[in-house]
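Hi,

Here is the structure I said I'd pass on. Have a look at it first, and then read my notes below.

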Amino acid sequence: MLSKKSQYALRALSYLVEKQEEGPVLISEISEKKKIPLKFLENILLELKKAEILDSKKGKGGGYFFNVNPRDITLARIIRLVNGPIAMLPCVSLNFYENCMNCNEKHCSLHDVLIEVRDATLSILEKKTLIELKD
């Protein structure tokens, strides 16, 4: 299941996509229009700024804006950045791999099925970009 944090991040970014031609957007506007708690949104946007996806400008006419073209940012990248692994089990994760306790990957039918699930999910999330979230 997609975490609340990931949902909020994608909602905020979709709003920034809609408003990108208008310049920087105030965090309070994003919070109000997308119904995201302000404190939670502040942390998410700072994380996206640290990852150099967003930048911000202070003062009059300030706010958040894209540092990278949204056409070049995949949904998979945002979810991994904000949420961590996309895979449902750590033993099938491409970027956050860990052995599962008490499991033999060579003889685990669940492992094999969830690799298929991961691959199907990634085939979509790695092709879709933020620009496609525009309402």
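A quick word on labels before anything else: the helices here are DSSP runs of H or I with at least four residues, strands are E runs of at least two, and both are numbered from the N terminus. By that scheme, Val113 sits in helix α5. Please keep in mind that this is a predicted model.

Val113 is a handy place to start. Together with Met88 and Val117 it makes up a nonpolar patch on the surface, and the three share about 270 Å² of accessible area. Val113 itself comes out as partly exposed because its relative accessibility is 45%, which falls between the 20% and 50% limits.

Now for the inside. In soluble globular proteins, nonpolar side chains tend to be buried together. The largest nonpolar core in this model holds 31 residues, and Leu45, Leu48, Leu54, Ile78 and Leu130 have the most contacts within it. At least two core residues come from each of α1 (4–19), α2 (27–34), α3 (38–50), β2 (63–66), α4 (75–83) and α5 (109–125). Helix α1 gives the largest share, with eight residues. There is also a second, separate core of five residues, among them Ala87, Cys91, Cys100 and Leu114.

So what does Ile78 touch, apart from its neighbours within four places in sequence? Its contacts are Ala9, Leu10, Leu13, Leu48, Ile53, Ile73, Asn83 and Leu130. Two of those names, Leu48 and Leu130, are also on the list of residues with the most contacts inside the largest core.

On to the strands. β1 covers residues 54–57 and pairs with β2 in the antiparallel sense, over four bridges. Across that pairing, Lys57 is opposite Gly63 of β2. Five residues separate the strands in this hairpin, where Gly59 has a positive phi near 85 degrees.

Lys35 is not a glycine, yet its phi is about 55 degrees; it belongs to the loop between α2 and α3. Glu52, again not a glycine, has a phi of about 65 degrees and lies in the loop between α3 and β1. Both side chains count as exposed: Lys35 because its relative accessible area is 66%, and Glu52 because its relative accessibility is 53%.

How many salt bridges does a search of the whole structure find? The count is seven, and I'll mention a few of them.

- Lys39 and Glu42 meet at 3.5 Å, N to O. Both are in helix α3, three residues apart, or about one turn of the helix. Lys39 counts as exposed because its relative accessibility is 62%, while Glu42, at 26%, is partly exposed.
- Arg118 and Asp119 come together at 2.8 Å, N to O. Arg118 is buried because its relative accessible area is 13%, which is under the 20% limit. Asp119 is partly exposed at 37%.
- Lys19 and Glu22 form another bridge, with 3.8 Å between the closest N and O atoms. Glu22 is classed as exposed because its relative accessibility is 59%.

That's what I have for now.

Cheers

Notes: Residues numbered from 1 in each chain as written. Predicted model: local features only at pLDDT ≥ 70, side-chain atom pairs only at ≥ 80, totals over all residues. Heavy atoms only, no water. Core = buried A, V, L, I, M, F, W, Y, C linked by side-chain atoms within 4.5 Å. Buried < 20%, exposed > 50% of the residue type's maximum accessible area, 1.4 Å probe, protein only. Contact = heavy atoms within 4.5 Å. Pairing = 2+ DSSP bridges. Patch = residues over 30% accessible without salt bridge, like charges linked within 9 Å, V, L, I, M, F, W, Y side chains within 5 Å. Areas by Shrake-Rupley, 256 points an atom, 1.4 Å probe, with all protein chains shown as cover. Salt bridge = Lys/Arg side-chain N within 4 Å of Asp/Glu carboxyl O.
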